[in-house]
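User: I would like to go through this model with you, pockets to begin with. Could you set out the terms before the numbers?

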Amino acid sequence: MLIESFHSGHNGQRRYLSLHRPTTQLVRSMGVVLCYPLGHEYFRAHRSYVNCAEQLAQLGFPVMRFDYFGSGDSEGDIGHARIDDWLHEVTDVVEELKRSEPVSSIALGGMRFGAALALLAAQRIESVRALILWDPVIDGARYVTDLRRLHGRMLKDLERFARARHADDCGEGELIGTRYRSRFLHELSGLDPHALSVAGIDEAVLVNTAATAASESVFRRLNNGTRWRGFESPRDYGWSDARRTTEAIMDPEAIRHITTSMNAIAA
Amino acid sequence: MSEQLHRFGIDAHLCGVLNMPPSAVPSGGRPAVIFITAGLLHKPGPFRLYVELSRTLAAMGIPALRFDLSGIGESGRSRTGESAEQSSVTDVREAMDSLAEELGTRRFVLTGLCSGAEVAHRAASQDTRVCAVVAMDGYMVRTPAYYWWHYLPRVFSARKWLDFAASKLQRLRAGGRRRMESTPEEEALAFWEGPGPDRDQLVMEFKSLCQRNVRQLQIFSGGSGDCSYEGQFRDAFKDVDFGELLDVCFFPEADHLYVLQTDRRRLLRTITRWLGKHFIDETVPDSPRISVPRSRQSDAAVFMPNVSSSMSNHASNSTSDNLSHSVKLAGRRHFE
């Protein structure tokens, strides 16, 4: 399957997008836009995103993946990134997908921070009818605290480093391979479950692991009108394990849940 | 500097990003640098290392291509029926073909980390257009001294003993757990876990590269698991007369993927200075090989500004992965 990758946007701020066109005769009227997690979690999740997008395309969904400004293969540096700009990018990518493929509604989704961003963006984009929330971050402040703790543990991990490293070896705002501006971390800390409530979403697909088992109840409480299709993955992705920060996430059962749920939603 | 999407290969199934120098910077006659992905990591490289390197090199006047090997990232799977190992070399050859056609480039520097370094070595061994290899945690052989420098610090480290005990306990507990469904990625990457070429073959290949005047920058991290002291590469391949074609750099403090920005910057400086010295300041594109007596070989290793010859008590990169159903983004295999 050929993935159509391209750049879009203004010079110096161009984003990198990858479009998976449907490989079936049946082309769904619902397109899917996947938002990536942050930092090291982006690298861990990338393979699963490609697999998920390929499988959705095999079911007739046009799927768009993209790297935020300053991340992955997009231009820029994350030091200049702002969450609000990234939200605008989600809107732009949705429009890009609608221009490129004959879709009338959108499913927005992502893993971890990507799920939180999808929720936030869904508040702004009228055509979003479904959400795919894969181990979502639902409390920004706690997420940043967890990242800081994980970074601290990583510095002392003697399977990674010959000798323990110190905070002095890192720049300010550096968390597991990525250096964020304090402004960005402040914005990230500001994400909270109450701000993530969205209206007008008919369906939501949720994948939970042990780390986020509580999230489904949170979302049920906040979004009464939404039909939830939940799945408890038996896998431990090791989000808080300093020795697993360089492992790719491989969860075929979770992808199967997402694709079968999307198939049912679009039927 | 411009950053362009680059599709190439059979059925244009390979996907990369090409960084071109700004038109004001002279780049004629310089080689292009090709970055080869490691394991499951895609073309930005670990923590965008390849992005930073590509942009820096382009600004220096060197075109740089980072691309996904077949089946990785945005590249489609190879339909040639080759093994993953051989298709990686074919992919690199196709990258060189496409740049030769598009830019008129005749010489190439292959750069890779971990399995990417191994692919770079193999492709260089098979293609005479390769003029240099930058290998990060590439092929290495464990010498007797390796074990001395590797284990000695551990014997006296209480923390290491505690870690060792915890790891054994974790493996025992994991033993009884249900094995999850394996993924195509796990199966496709299994070959990296197998035995690589033996030392004799590597010696033969390194000798052949030297005969072709292929320059090499061999960089090892403390986290590689295979390198524990500065002079190990030269000790391991002491029957190869690298002369001035080899520079070796050892970062004992760095991990395998250069997770810390300070380590990444040091690595970036090392690579860009080395490439700048050999391929921007050069006056003769393919200078004849000059044989340097062994006693002077240390002079060639000028790119060791941060090297400490002190013992490196790095840990093996093996993990308690019995618990995990994930795949290391860029795992290591070991050579004895």
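Analyst: A pocket here is an open set of grid points with protein on both sides within 12 Å along at least five of seven lines. Please note that this is a predicted model.

User: How much space lies in the largest pocket?

Analyst: The largest pocket holds about 770 Å³ of space. Its lining has 41 residues, and the closest to the centre are A:Ile78, A:Thr178, A:Arg179, A:Tyr180 and B:Gln261.

User: Which elements give two or more residues to that lining?

Analyst: From chain A they are α1 (39–58), α4 (140–155), β7 (174–175), β8 (178–179) and α5 (182–189); from chain B, α1 (49–60) and α9 (261–279). The largest share, four residues, is that of α4(A).

User: What area is buried between chain B and chain A?

Analyst: About 4,800 Å², with 47% from carbon and sulfur atoms. On the chain B side, B:Arg48, B:Glu74 and B:Leu260 lose the most area to chain A, together 12% of what that side buries.

User: How many salt bridges cross that interface?

Analyst: The rule finds six between chain B and chain A. The side chains of B:Glu74 and A:Arg65 form a salt bridge, at 2.8 Å from N to O.

Note on methods
Residues are numbered from 1 along each chain as its sequence is written. Chains are lettered from A and ligands numbered from 1 in the order in which they are written. This is a predicted model: local features need pLDDT of at least 70, side-chain atom pairs count only at pLDDT 80 or more; totals for chains, interfaces and linings use all residues. Side-chain values use heavy atoms; hydrogens and water are left out. On a 1 Å grid over the protein atoms alone, a cavity is a set of points where a 1.4 Å probe fits but cannot get out, and a pocket is an open set with protein on both sides within 12 Å along at least five of seven lines; lining residues have an atom within 4 Å of a point. Grid points are joined across faces, edges and corners, and a volume is the space filled by probe spheres set on the points. Buried area is the accessible area (1.4 Å probe) that two parts lose on being put together, summed over both. A salt bridge is a side-chain nitrogen of Lys or Arg within 4 Å of a carboxyl oxygen of Asp or Glu.
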